[in-house]
Amino acid sequence: MAGSQWELPPELCCRPMAFVALTGLDVVYNAVHRAIWDAFCANRRADRVPISFKVLPGDHEYPKCRTKRTSYEWYIPKGILKTGWMNKHLNLVPALVVLFYELDWDDPQWKEKQSECATKVEIVRTSLQGRNTKVAVVLIQKKTPLPPGEDLVASERAATLCNACDLSGKSLFVLPHTDHLVGYIIRLENAFYEHAQTYYYTEIRRVKSHKEFLNKTTHQLLFVRHQFKIAFFSELKQDTQNALKYYRTAYSLVHELRAHETNMLEIKTMAGFINYKICRLCFQHNTPLDAIAQFRKHIDLCKKKIGSAELAFEHAAWMSKQFQSFGELFDEAIKLGLTAIQTQNPGFYYQQAACYSQDRKQQAQQLCQAGATYPSPEPLDTQSGGLDFYGQRPWRQGHQSIDPPDAEKEKTGILALQIKERDVPHSELIIALLSNAVAQFKKYKCPRMKSHLMVQMGEEYYHAKDYTKALKLLDYVMCDYRTERWWGLLTAILTTALRCAYLMASVKDYIIYCMELLGRASTLKEEQKLRIEKNLIKVLTNEVPDAEPECDSSSVSAAKSLWSDRMALAGSNELTIEVQDYIPFIQCKAKFQSPSFHVDQPIQLQVFLRADCPHPVSFNKLSVSLSNQEYNQWCVVESSGQESMSLLPGKTKRFNFSFVAKTEDVGKKIEMTGIEVMLGSDSGRCVFMSWRGAGGDAASTHEALQASRSSRRWGRCLEARQEPDWDSLTMQHSTMIISRVPKISVQLSHQPPALNNEMYCISVTIQSQEEGVAKDVKLTAGLKPGQDANLGQTTHVTLDGSKVCDDTAPALLPDVPLGDLKPGEKLEWCVYVKCVSTGPRVFLFHVAYSIDTTVEGRQIVCKCHKDETVTIETVVPFEVSVKFVSTKFEPLDRVAVDIPFLLMTDILSSSPWPLLLASSSLQLVTITSNTPQLQSQLQEVVLQTGESASECFCLRCPPLTNSNSTVATGQYLISWRRYVTHMLNSPLIQTTVTLPHVILESVPLYIHADVPSFGRVRESLSVRYHIENRTALVQEVEMAVEPSDAFMFSGLKQVRLRILPGSEQQMLYNYYPLMAGYQTLPQLNISLPRCPTTNTHTLRRFLPQRIFVKPQGRQVDDASIAAA
């Protein structure tokens, strides 16, 4: 009766399904029967009808049906619900019995088998005497039946069989054993389900019919019983809406019963059952708010129905089970798709269940007497081995009066229950419930609730004497309470953890919790801290500490022997405790005096210690560990002789350390990796308190933040303090070793901007201001690393300015030796930079040297360096434009083969400095010069900003052997330099401009004319036309001169010529100008019948179009002209 009494019966918690018994199947030895049985029960999907099948023998004895009562007039019910009723209707009394029989319609022994089948049906009916259970027959046949109405023999024999077995046509089925067995089985199931529905409907009507015989005076229990049965049958019928309605009615009726001490447990038990059913159906109907409202109502109605005061622990156990069951229902609904929230989740119900279990434990400790003996004979035994009705006492079953029938039996029964309650593992029950609650609160992200319950779990493990698990849980939770600064809660948890550590004789844990309970986070009183401090000193001197208060006496004696064994062990007297994550009674902060130190300065390090315990604390050693372990030897302080160092309570003590950095550590960071304070001595126990980094603990960060806020608010008052404020002390855990400050000057002189491809001069002046000789001076000059990679390929640096450097010159000249530099001495160097592309560049000039110096009496060689950077913009010195024109200075899109044309170049200066154009030249590829010798027209020309210089070259394209229509022209080379006085000897830069390609065209006929430079009105003007045949064919040429208003002419107005290949014809015309000014010459129309693609316009472009005609003047002598 201890734990199982409060468990809900499994028949109440399961889903009720219609019970159908299958007989006539031999599932062990008959393969066909086995296949049919597997089709019924194996791998049932959710969409199949809810039926519970069971294979029973044909002569199975079903529960006997009691004689139906005809009157309730003198009937007094003995209880509400019998313990076996639900199980009977779920597993013992079927709604339908199905007889399986192998019989084909054309069986030769039809008569005999029909008779045998009828006999088996009669046997089943006899065993179900008095029950409304339906009976059906399934004929297992080998052949697939014909459609209804087609097999007349089958119809006739089916009717005969129904008469012989006294069955209706709806209760006879045929099951062909074919490939579609599962499909036939599913159809059978649906028919069975309909029969079962009819059965449960009949049962509901039968129970309802009793109502008219009941009265509310003596039959109150029957009202509850009948409503519960109707609801349960409705569930079996899968009518959950009506089931919920009847359960609600039953719940209201159960609370209308007259409650007294003898029947209180029965009322609560039934109320709990019905409440469970209501809540389960509400969740099933997806109305969780209704379920929660019902449960709250249930708790409000039942929480004060305690019953017997001597068995008050039973009420707490029952209440705990109510909350646990609802929590399980809630969790199950969530797994099926219900959504819960932080403020409404199963964790709260598991937590409340744990609270009632804790109440049960306390009440059991108060009510259950420790020395009592178990009564004899056994008062809890019953004749049947179990209770007849739910919630009744074994020694007075069926008794419904207010007073117990036998006071002595009542007394011994209560005593037996109390003694059995003593054996209940209360802590296990509480821990299991708390564990469920923690899992839920973790799932719904409620960290504080989770921590709170984990503390309770730890305390329960402590009470259960499982100190290892208790300590593990409490230690896990303490981190949260330290972070959130719940000092009162932390102290309480630490006190329990200290008891666990003592009872386990865990030396390290005991020391840790003692240190923390003595610290500033502890809210213990002074005398409690003094006791803990005394125990800590005992452990440090290898003595057994005194027992912690409120510990179990039997556990204390075992702990003392464990402590004695621990103290006797040799070799385990040294302990290292990482205190960074705790709040110990000694605080530590350390800092480097500066974030960086020059290598010629001693590194200053300070460590601050402060004790928070009631009495002074002695320690024997303080050491600081650094990232470079070679410096650790300089950061140790130890007690001398018998005297130890001590810390006064609440006072800050400072320790200074100093050491000289090594020159190879320049540019490196030195970090504090840890600080250790040694408590105790070699003769007793050595405890090393270890801090990571520069000290601090779990509360330091928040305290420093508070201190910074208060210092801003009350800064003036704090300035008057002599002793540094502990909270405002900042930690500096690392410092950088930087090179010695250089005492040299580096000056750069140049004339920006730099011009593209020129040798740009940067003058570097280095002067020493050191007191000694600067040795091994080296210069690194060039493009500063870390810029665009393309800049590194287009920047070249050299020290030789006499010639233009090539592309192999580096972008950075490293470590150019400059020798030694005496005090006050000056060096000057020129660095030449060639920038192939435009844009800004950052240049670095790094001067490094070494010098001897003394630091705290130690001679060291310091390496110093000085960096100077300069950003230089590179610009284009000039822009070059190129165009092709005809000999008449008309723009050309195409160039005719073997006909002269002009190349025009323009150089526009965009340099802010004057430019000297030394010379220019053409490098022709396919094109040739039309003049004997190409000479530069720009020799020694100086261009100022914005000025332009032009050149003109006469070229000709010779006939090509290949058929390319586009040919390369060549390159235009310009030699130049910046025209500045001090750079007149600098090397010339040659800029190459690639000339554009030209498109060629071939003309069959080339015509050019010999025309005077001008004409005069009314004076004859001779014009000779030269016509050349450029083809390999004889060309016929038709020429005609168009008349003009400005000229009269003499010559052939229209002529037809034949010109041999490579030959030339000349035509002479005398033009007679009639008007002065620019006049259009008479147009020459030329056509080539053999070259229809060549038109007049193409040929006429080579001829002059106009000529200037002077007016007719007076005849003057040459002297007058000369004077004019």
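This is a predicted model: local features need pLDDT of at least 70, side-chain atom pairs count only at pLDDT 80 or more; totals for chains, interfaces and linings use all residues.
A stacked arrangement is found for Y502 and W563, with 6.0 Å between the ring centres and 25° between the planes. Because Y502 belongs to helix 17 (residues 487–504) and W563 to helix 20 (residues 553–568), this pair ties together parts that are 61 residues apart in sequence. Y502 and W563 are likewise buried. Ring pairs also join into a cluster, which links W85, Y199, Y200, F228, F232, F233 and Y247.

Lysine residues are placed over aromatic faces at two sites described here. K245 lies over the face of Y246, at 5.0 Å from the ring centre. For K1110, which lies over the face of F1014, the corresponding distance is 3.8 Å.

With regard to strand pairing, three strands form an open sheet in the order 7-9-14, and their pairing is antiparallel. Strand 7 (586–592) and strand 14 (652–660) are the edge strands, each pairing on one side only. On average, neighbouring strands of the sheet are turned by 15° against each other, direction ignored. Strand 7 is joined by seven bridges to strand 9 (residues 602–611), and the two run antiparallel. K589 has F608, in strand 9, as its bridge partner.

Technical notes:
Residues are numbered from 1 along each chain as its sequence is written. Side-chain values use heavy atoms; hydrogens and water are left out. Rings of Phe, Tyr and Trp (its six-membered ring) pair if their centres lie within 6.5 Å; planes under 30 degrees apart count as stacked, over 60 as edge-to-face and the rest as tilted. Helices (H or I, at least four residues) and strands (E, at least two) are DSSP runs, numbered from the N terminus. Buried means under 20% relative accessible area, exposed over 50%, partly exposed in between (1.4 Å probe, protein chains only). A charge sits over a ring if NZ of Lys or CZ of Arg is within 6 Å of the ring centre and within 35 degrees of the ring normal. Two strands pair if DSSP finds at least two bridges between them. Axes are lines fitted to C-alpha atoms, for helices over the stretch in contact, and angles run from 0 to 180 degrees between N-to-C directions.
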